[in-house]
Amino acid sequence: MSPVRTRPATALRGRRRLGAFVFLTPGLAYLVVLLLVPLALVLSYVFFQRGRFGGVVYEFTTENFSRLIDPLYLRVLGQSLEIAALATLIALALGYPTAYLIARLPRKWKTVALVAIVLPFWTNFIIRMYAWIILLNGPGLVNSALKSLGLGPLELLYNKGAIVVGLVYSYLPLMVLPLYAAIERLDPQLREASANLGASRLTTFRKVTLPLTVPGVMTGCLFVFVPSFGNFVIPEMLGGGKSIMVGNLIRTEFLKARDWPFGSALTLALVAVLIVLLLVQAWAARRA
């Protein structure tokens, strides 16, 4: 009887594995073709030299790695980390209260609020950046309002502050959505129990709500920091090219200087930083 019973079970497991393989194949093919293969090419270029007129000369060298520790490039890396970290902190300060309030809304209004959060994504990114240029330039709406109050005009465009504003505006929804999901999943009975034990709302938030939403906080910070760190469009448009970030430097090395080997080294350095951040986020989520 045992062989008769195990054959259908074995066949069922085989069909399940085949079905899983069929459904996983498109995603795996996408990752291999558009992620692993380009990454392998970038990794291979690191060990070659730049040609006299650009491109790649297939002669082995490790000079590209030593150029990464040049003070000039380290300063660009530090500036990129500073701007991305500042944008992430501001997005967290704005996003957490927003997500908390949305989670406390009646159910019929939650959908409306979430649609309002993601609504900017339905507009072209370049158009939104030009809108900020119009708002922040000298005769723009913001400076006009400040001038009427006797506080302006101010230099609001083509500086680090404008870059941070653009990054926060662009990626704030990526902070709000995971925070909302984390807060929404909280058991309301935990807050009720905290209140019944005499804790104030602030104490309940500090000792119950905030610790339980740390994974959402880490995910939101990662979602904002990663694209902010590698962004090159916003520094170019709102920063006027005055504040160079890693993304701008990589684009310049590939498209203008045509130094593909060193551009590949910068790309790998960027990927290494992001991998470290992913590992830190995973570790913090497990601890939380």
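**Entry 1: the whole chain**

I began with burial: 33% of the 288 residues in the protein are buried, where buried means under 20% relative accessible area with a 1.4 Å probe, protein chains only. I am working with a predicted model, in which local features need pLDDT of at least 70, side-chain atom pairs count only at pLDDT 80 or more, and totals for chains, interfaces and linings use all residues. Residues are numbered from 1 along each chain as its sequence is written, and side-chain values use heavy atoms, with hydrogens and water left out.

Next I looked up the secondary structure and found 13 helices and 2 strands; these are DSSP runs numbered from the N terminus, helices being H or I of at least four residues and strands E of at least two. The radius of gyration is 25 Å, well over the 19 Å from the globule rule for 288 residues, so the protein is more spread out than a compact globule. That radius is taken over C-alpha atoms, and the rule is 2.2 Å times the number of residues to the power 0.38. I also noted that the C-alpha trace spans about 75 × 65 × 35 Å along its principal axes.

Then I turned to contacts, meaning heavy atoms within 4.5 Å. Among those between residues at least 6 apart in sequence, 67% join residues at least 24 apart.

**Entry 2: the cores**

Which residues touch the most other members of the largest nonpolar core? They are L167 and L238, in a core of 33 residues. Such a core is a set of buried Ala, Val, Leu, Ile, Met, Phe, Trp, Tyr and Cys residues joined through side-chain atoms within 4.5 Å. Among the elements giving two or more residues to this core are helix 3 (71–104), helix 7 (160–184) and helix 10 (214–230). Helix 7 gives the most, with 11 residues.

**Entry 3: a look at L266**

I found L266 in helix 13, which covers residues 260–287. Is L266 buried or exposed? It is buried, with a relative accessible area of 7%. Apart from residues up to four places away in sequence, L266 touches L68, L249, I250 and E253. I also checked L266 against L156, 110 residues apart along the chain: their C-alpha atoms are separated by 30 Å.

Note on methods: Buried means under 20% relative accessible area, exposed over 50%, partly exposed in between (1.4 Å probe, protein chains only).
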